[in-house]
Amino acid sequence: MKKLLQRLFLKQDPSVYQQKDAKLTPSLRTIDLIGLGTGMVVGTAIFTLPGIVAAEHTGPAVPLAFIAAAIGAGLSALAYAETSSVLPFAGSAFSWINVLFGEFLGWIAGWALLAEYFISVAFVASGWSAYMRGFLSSLGVKFPTALAGGFDPHQGSYVDILAAFAILIVGILISRGVHQVSKIENFIVSIKLLVIILFVIVGATAIQTKNYTPFIPAYRPGTTFGGWQGILAGTAQIFIAYVGFDAIAANTAETRNPQKTMPRGLIGTLVLGTFFFIAVSLVLVGMFKYSSYANNAEPAAWALRQSGHYLTANLLSVVAIVGIFSALIAILLASSRLIYAFGRDGLLPQFLGVVDDKHVPSHALWIITFLAMILGSVFPFTFLATLVSAGTLVAFIFVSLGIYALRPREGKDLPDAQFKMPLYPVLPVVSALFSVVIFWGLNHDAKIMMLWWFVIGVVIYFVYGIRHSNINKHHD
């Protein structure tokens with residue numbers, strides 16, 4: 001038992017990661033990181049979640065849920081900023097926890113991230129499909145019901161073919177190299193932010209103040225709607241909007257001067273994303289009563305059409321169709337780097353850790369692409385939205401607590417941090433506790449499915465990972 005525990009908590013030597021990640025080209029700048037992060041943070045979520053969360057949980061108080069989520073994510077972003085500046089490796093939390101706490105906990109953190117990425121890719125692709133179908137229907141083009149949604153025999157849908165198509169196209173783009181992808185990402189994000197501003201300006205002309213009353217509806221016993229309970233439930237669901245932090249951090253090994261660039265990219269993404277979320281959600285719940293947005297995957301475009309702003313609505317739909325690709329790029333890029341890191345360490349087959357002549361981990365990229373295509377085309381949008389935050393929160397907890405293992409080693413066997421999380425040692429535990437509270441607010445299905453996901457992960461580790469991991473081979 002003692003020998004087993006020693007193997008489980010063997011810590012990786014950071015120099016090993018530096019050597020192996022040298023095959024990845026550091027080309028990303030601060031603006032590229034903010035583009036990736038903002039592309040994901042204000043991706044599908046900004047066009048979809050405000051309406052869904054308002055209808056199901058918060059009523060008009062949806063901006064409060066976004067602010068609460070931003071505070072929790074902001075605390076975690078500070079921990080991410082310090083850790084990434086000291087440990088600039090691919091795989092983000094997986095690699096960091098490997099160095100700080102040992103391989104087994106690193107695998108658990110990485111496995112939680114994998115759930116987040118899988119579900120995020122599927123969620124974003126499903127949202128893109130909903131906007132594409134809405135846009136096509138406005139032009140009189142009807143998509144076959146059987147191919148227009150996740151598996152739901154009661155609704156007559158079996159596979160979301162458009163979601164699978166979107167994921168495939170993004171996989172092809174990323175395979176061309178990260179430098180080319182970042183240029184496309186920055187252009188798409190710039191256009192998308194301009195159209196979001198246009199939505200806020202045009203939508204504000206249709207606001208009716210009566211829709212803000214009562215701002216926080218009374219709690220409905222036995223549900224997650226209304227009161228502080230509804231805001232907490234909404235905050236838990238909204239955390240999908242902030243997984244962009246980890247998507248940025250996963251690309252640390254491909255970032256120029258990550259000690260300074262990574263903190264700027266993380267914090268810049270938080271500030272920009274939160275501002276746009278609050279603006280959009282305030283306008284949206286002011287245009288129509290919150291209950292109007294129930295089960296609506298394209299609430300912003302719908303609200304504009306209902307207000308008679310057809311040109312702006314169609315423009316928003318077109319930009320959403322293109323812009324949501326920016327979120328898919330960010331997530332698929334990050335998830336392929338995580339799978340690469342698993343292969344690099346031998347915890348999954350080592351062919352996944354191979355980097356091709358374009359400096360892309362192509363095997364990892366295509367594995368995650370095809371698996372995400374299956375997931376995104378089968379599971380319905382609203383189901384995915386309730387699950388995605390769980391893996392994010394687990395990663396946030398790990399990284400926040402990791403500061404206690406990181407700080408004593410800075411300037412000794414690890415480089416000194418260019419950015420330090422303030423109010424140490426209080427803030428890291430506050431950050432972790434915030435994420436624990438949000439996790440507790442997730443619905444029952446999300447927590448049960450996350451538990452099963454961890455069981456599967458532990459089985460894979462003990463059946464394959466511990467026997468093939470590079471660190472254990474060297475130790476033996």
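A salt bridge is a side-chain nitrogen of Lys or Arg within 4 Å of a carboxyl oxygen of Asp or Glu. Keep that in mind as we walk through this predicted model, where the count comes to 10 salt bridges.

**Stop 1: a link across the chain**

Select Asp21 and Arg344 and show their side chains. The two meet in a salt bridge, with 3.1 Å from N to O. This pair joins distant parts of the chain, 323 residues apart: Asp21 sits in the loop between α2 (14–20) and α3 (30–41), while Arg344 belongs to helix α14 (residues 310–345).

Are these two residues buried or exposed? Buried means under 20% relative accessible area. Asp21 has a relative accessible area of 5%, so Asp21 is buried. Arg344 counts as buried because its relative accessibility is 4%.

Like Arg344, Asp345 is buried.

**Stop 2: another pair, then a network**

Move on to Arg409 and Asp413. Their salt bridge brings the closest N and O atoms to 2.8 Å apart. Arg409 has 17% relative accessibility, so Arg409 counts as buried.

Next, select Glu82, Arg407, Glu410, Asp416 and Lys420 together. What links them? These five residues are connected in a network of salt bridges.

**Stop 3: an enclosed space**

Time to look for empty space. Rolling a probe the size of a water molecule over the atoms shows where such space is left.

**Stop 4: a nonpolar patch on the surface**

Finally, switch to a surface view and select Leu64, Ile67, Ile71, Phe215, Ile216 and Leu282. Together they form a nonpolar patch on the surface, with about 440 Å² of accessible area. Which helix gives the most to this patch? Helix α5 (residues 62–86) does, with three residues.

End the tour on Ile67, which lies in helix α5. Ile67 has a relative accessible area of 34%, so Ile67 is partly exposed.

Terms used. Residues are numbered from 1 along each chain as its sequence is written. This is a predicted model: local features need pLDDT of at least 70, side-chain atom pairs count only at pLDDT 80 or more; totals for chains, interfaces and linings use all residues. Side-chain values use heavy atoms; hydrogens and water are left out. Patches are made of residues with over 30% relative accessible area and no salt bridge: like charges are joined within 9 Å, nonpolar side chains (Val, Leu, Ile, Met, Phe, Trp, Tyr) within 5 Å. Accessible areas come from the Shrake-Rupley method with a 1.4 Å probe; for residues, only the protein chains shown count as cover. Helices (H or I, at least four residues) and strands (E, at least two) are DSSP runs, numbered from the N terminus. Buried means under 20% relative accessible area, exposed over 50%, partly exposed in between (1.4 Å probe, protein chains only).
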